[in-house]
Amino acid sequence: MNQHEREAAVRRMLEQAPPTVPPDLHADVVRRGSRMLRRRTAARRLMWLVLFAAAVAFTVWAATARPWVEPPSQTTPPLTGW
């Protein structure tokens, strides 16, 4: 199908009357859209809650384990009695 035929097919489609929409379609769309919005909001809140819990858990772990402090050396015995 070349460009001229495609243009002619599009023109024929545009000249036709638009298809009729079922009368109850609007109510279904609004219901589904509000459901999707509620689910997205709940998922977003759950993500923030999980992120906050992870940050609190990391802070508690870092405060108790203190990973920035170098552990004492275990390779040589302490020098005493010099």
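Analyst: Happy to! Let's begin with a handy rule: the expected span of a helix is 1.5 Å times one less than its number of residues. Keep in mind that this is a predicted model.

User: Okay, how does α2 do against that rule? What span should its 41 residues have?

Analyst: At 1.5 Å a residue, α2 should span 60 Å, and its end C-alpha atoms are 59 Å apart, so the two agree. Helix α2 covers residues 25–65.

User: And how far does α1 reach from its first C-alpha to its last?

Analyst: Helix α1 has 13 residues, numbers 3–15, and it reaches 18 Å, close to the 18 Å expected.

User: What caps the N-terminal end of α1?

Analyst: That would be N2. One of its side-chain oxygens lies 3.3 Å from the backbone nitrogen of H4.

User: How many residues of α1 are buried?

Analyst: The number is 0, so α1 lies largely in the open. For the protein chain of 82 residues, 1% count as buried.

User: How many helices and strands does the protein chain have?

Analyst: There are 2 helices and 0 strands.

User: What about the overall shape? What radius of gyration does the protein chain have?

Analyst: The protein chain has 34 Å, whereas a compact globule of 82 residues would have a value near 12 Å. Along its principal axes, the C-alpha trace spans about 105 × 40 × 10 Å.

User: Which residue just after α2 takes a positive phi?

Analyst: R66 does, with a phi of about 45°.

User: Why is that worth a look?

Analyst: Most residues other than glycine have a negative phi. R66 is not a glycine, yet its phi is positive. R66 is also partly exposed, with a relative accessible area of 47%.

User: New topic: charges. How many positive and negative side chains are there?

Analyst: The protein chain has 12 positive and 6 negative ones, and the centres of the two sets lie 13 Å apart.

User: Last one: how much accessible surface does the protein chain have?

Analyst: It comes to about 8,500 Å², and 65% of that belongs to carbon and sulfur atoms.

Key: Residues are numbered from 1 along each chain as its sequence is written. This is a predicted model: local features need pLDDT of at least 70, side-chain atom pairs count only at pLDDT 80 or more; totals for chains, interfaces and linings use all residues. Side-chain values use heavy atoms; hydrogens and water are left out. Helices (H or I, at least four residues) and strands (E, at least two) are DSSP runs, numbered from the N terminus. Buried means under 20% relative accessible area, exposed over 50%, partly exposed in between (1.4 Å probe, protein chains only). A polar contact is a pair of N or O atoms within 3.5 Å; within protein, one must be able to donate a hydrogen and the other to accept it, and residues adjacent in sequence count only if both atoms are side-chain atoms. The radius of gyration is taken over C-alpha atoms; the globule rule is 2.2 Å times the number of residues to the power 0.38. Accessible areas come from the Shrake-Rupley method with a 1.4 Å probe; for residues, only the protein chains shown count as cover. Lys and Arg count as positive and Asp and Glu as negative; His and the chain ends are not counted. The place of a charge is taken as NZ of Lys, CZ of Arg, CG of Asp or CD of Glu.
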